[in-house]
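This report walks through one protein chain, part by part. Keep the sequence and the structure in view while reading.

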Amino acid sequence: MIRSVMDIRQPPAADRRRMLMRWLKGQGKSTRFLRYSVIAGSFAGISLIIQAWILSGLLADVIDGQLRQPPWAELTGLLGLYLFRGACQWVMLVSGQKASAEVRAGLRRQLYLKIAQLGPSWLANHHSGAIAVRLMEQVDALDGFFARFLPQQMIAAVLPLVIMAVVFPHDWIGGLIFLVTAPLLVLFLILTGMGAESAQKKQMTALIRMGGHFLDRLQGLSLLRRFNQTDAALKQVGKVAEDFRTHTMSVLRVAFLSTAVLEFFAAISVALTAVYVGFSLLGYLDWGPAGTMDFRSGLFLLMLAPDFYAPLRQLATHYHDRSAAMGAADDITELLAETSPGLAIEQLTAEETGKEVPVEDQQFFSTPPLITFKNVDFGYGDSMVLNQLNLQLQPGEIIAIGAPSGAGKTSLIRLLLGFSQPTSGEILVNDQALSSLGETSRSRLFGWLGQAPVLFHGSLASNLLLANPQADQSQLWQALEQAGAAEFVKKMPQQLDTPLGENNQGISGGQARRIALARVCLHNAPVLLLDEPTAGLDNKNRDLLLAQLKQYASQRSVILVSHDKAVLDWADRHIELSEIQKTPGSQEEQSVGGSE
């Protein structure tokens, strides 16, 4: 799927529209309910042809006075057709909704996996509000396309042909009227749809802008209040919302106009058929089948005319769903085609492909491995952060890495976690390439405590269970003991059920760090990666956290990065990044292996 998206990133506008439509239709092939919807809709249309034939015969017999007894068989047949048609339409609607739900759920999974593959390095450079809009609003904008437009498009391609196949042997002039007028409706549908697509694209852009703008102001509400800028922010939100309203009304205006145009031309086409039938029955036309047309034939043809144009008119009604889907698909495919710095699009994670890289020796995940950086380069664009980095972490060793801000300490951690990939060189784990490990294997190997631990809105227990969903309460308390957090958690009225808010609301910074450390302990990985683990803590909380870490890391390897001299001295080995990589202007790099 990712490679198919890459193919549609930079074509000309017309080609891109066609490719986006192929991509959308390709998504629909993943669900069987779309076929059910088309089949049910087609049978509903075919039942109308039979219904028109029976009803035209009954009316002709009544008018001609040939009806001598109650037509129970015909009436029963009509009732059965009505019920059958209603059932088919119900199946069509329900199947369309199920098809849409399946496709949107699958697409959201693709997007979540893609964002997970791109990692925090990519996410940090993109607006979370815009991404949230793509995951929610823009995926939901595809609902009408799969639930209504796409099934109706297939029905509109089949049912008129079936009706013409019935009409032509019966009356070739009536069939010719259908054949000539139908393409005109399709032409006007395409012309009005082109304007709708442009308007819908602008609306989607305005929606993304509004979502990001509103999230920014919501997250910075306390700052806005502090500087007395809430009124100004409210006016800005109102201006962005008004811009979205304007674009939405533009889309609706085009949609209504396109539907009105199609209804107008469909009405003219039906009227043309009515004129032909009327003149034929009155004897004004006496050539071809018009000269021999009887009342039943004329009535049958006249009853079929609205049904012939009905699929196209219904398609016009849903054409704005196509425009909405095209606008959303444009942004969605751009996200699916994104690449992260240092991460090639071809390097699909094992999680995405569904195949976790096997590691035969299960001791691989239970004992600290030997980790080796060999001539590793990494940078962002033209700016190199790590240059010819060489480093070995012995099993069970604690290494503290120091360097000025921006020198690449956090990038080193990100490389190990798989958030980014080296530009060149390799990272080995027991002589096995780290890049060969899938997401699950890498997660089992590394435990991570970042600079700003994230605790989600929910209970304290639910935040801990992220590391091990199968853990019981005794394991949770054990992890809290190991992190030095059990004492203050026991003092909380709800203990493990204590609700936590976003941004660590309800607890102090030191408590949040220790809860995050408890989560790392519960994960029970053989290698710990610690990025500024004591940042923002006072000396007392720092010393307490380091003491708990020392105890927990006794049978594990640790790589930590920090500016704090106390933390650097706490480690078994303190290394400066400049010592283990080639610095600008130098001709050789120093390889660090054993103790400093």
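Is Ser-47 buried or exposed? The model is predicted, and in it Ser-47 has a relative accessible area of 2%. Residues under 20% count as buried, so Ser-47 is buried.

## The chain as a whole

The protein chain has 596 residues, and 47% of them are buried. Its secondary structure comes to 20 helices and 11 strands.

Contacts can also be sorted by how far apart the two residues lie in sequence. Among contacts between residues at least 6 apart in sequence, 79% join residues at least 24 apart.

Ser-47 belongs to helix H3, which covers residues 33-64. Leaving aside residues up to four places away in sequence, Ser-47 touches Leu-81, Phe-84 and Arg-85.

Lys-98 sits in helix H4, residues 72-123. Its relative accessible area is 42%, so Lys-98 is partly exposed. Lys-98 and Thr-31 are 67 residues apart along the chain, yet their C-alpha atoms are separated by 8.7 Å.

## Regions listed as transmembrane

An unreviewed UniProt entry lists residues 33-55, 75-94, 145-166, 172-194 and 254-283 under "transmembrane region". Two of these stretches can be compared with the secondary structure of the model. Residues 75-94 are 100% helix and 0% strand, with 29 Å between the end C-alpha atoms. Residues 254-283 are 97% helix and 0% strand, with 44 Å between the end C-alpha atoms.

## Helices H9 and H10

Helix H9 (residues 230-282) and helix H10 (residues 295-317) have axes that come within 10 Å and cross at roughly 170°. H9 is therefore roughly antiparallel to H10.

On the H9 side, the contact residues include Thr-259, Leu-262, Glu-263 and Ala-266. On the H10 side, they include Phe-295, Gly-298, Leu-301 and Arg-313. The residues of this contact between H9 and H10 divide into 14 nonpolar, five polar and two charged.

## The antiparallel sheet

Four strands make an open sheet with antiparallel pairing, in the order E2-E1-E4-E5. Strand E2 (383-393) and strand E5 (432-433) are at the edges; each has a single partner strand, so one side of each has no neighbour in the sheet.

Strand E1 (residues 371-380) pairs with E2 over seven bridges, in the antiparallel sense. Thr-372 has Gln-392 in E2 as its bridge partner. Helix H13 (residues 409-417) lies across E1, E2 and strand E4 (424-429), and runs at about 115° to E1.

## The parallel sheet

Five strands form another open sheet, in the order E6-E9-E10-E3-E11, with parallel pairing. Which strands stand at the edges? They are strand E6 (446-449) and strand E11 (573-576); each has a single partner strand, so one side of each is left without a neighbour in the sheet. From one strand to the next, the twist averages 20°.

Strand E3 (residues 398-402) runs parallel to strand E10 (residues 557-561), and four bridges join the two. Ala-400 has Leu-560 in E10 as its bridge partner. E3 also pairs with E11 in the parallel sense, over four bridges, and here Ile-401 has Ile-575 in E11 as its bridge partner.

In a regular strand, side chains alternate between the two faces of the sheet. In E11, Arg-573 and Ile-575 form the covered face, while His-574 and Glu-576 form the uncovered one.

## Helices H18 and H19

H18 lies across E6 and strand E9 (527-531), and runs at about 175° to E6. Helix H18 (residues 509-523) also packs with helix H19 (residues 539-552): the angle is about 5°, and the axes are 10 Å apart. Angles under 35 degrees count as roughly parallel, and H18 and H19 are therefore roughly parallel to each other.

H18 makes this contact through Gly-510, Arg-514, Leu-517, Val-520 and Cys-521. The H19 residues are Asn-541, Leu-544, Leu-545, Gln-548, Leu-549 and Tyr-552. The residues of the contact of H18 with H19 divide into seven nonpolar, three polar and one charged.

Methods:
Residues are numbered from 1 along each chain as its sequence is written. This is a predicted model: local features need pLDDT of at least 70, side-chain atom pairs count only at pLDDT 80 or more; totals for chains, interfaces and linings use all residues. Side-chain values use heavy atoms; hydrogens and water are left out. Axes are lines fitted to C-alpha atoms, for helices over the stretch in contact, and angles run from 0 to 180 degrees between N-to-C directions. Angles under 35 degrees count as roughly parallel, over 145 as roughly antiparallel, 65 to 115 as roughly perpendicular and the rest as oblique. Contact means heavy atoms within 4.5 Å. Ala, Val, Leu, Ile, Met, Phe, Trp, Tyr, Cys and Pro count as nonpolar, Asp, Glu, Lys and Arg as charged, and the others, Gly among them, as polar. Two strands pair if DSSP finds at least two bridges between them. UniProt positions are given in the numbering used here, feature names are shortened, and annotations may be inferred rather than shown by experiment. Buried means under 20% relative accessible area, exposed over 50%, partly exposed in between (1.4 Å probe, protein chains only).
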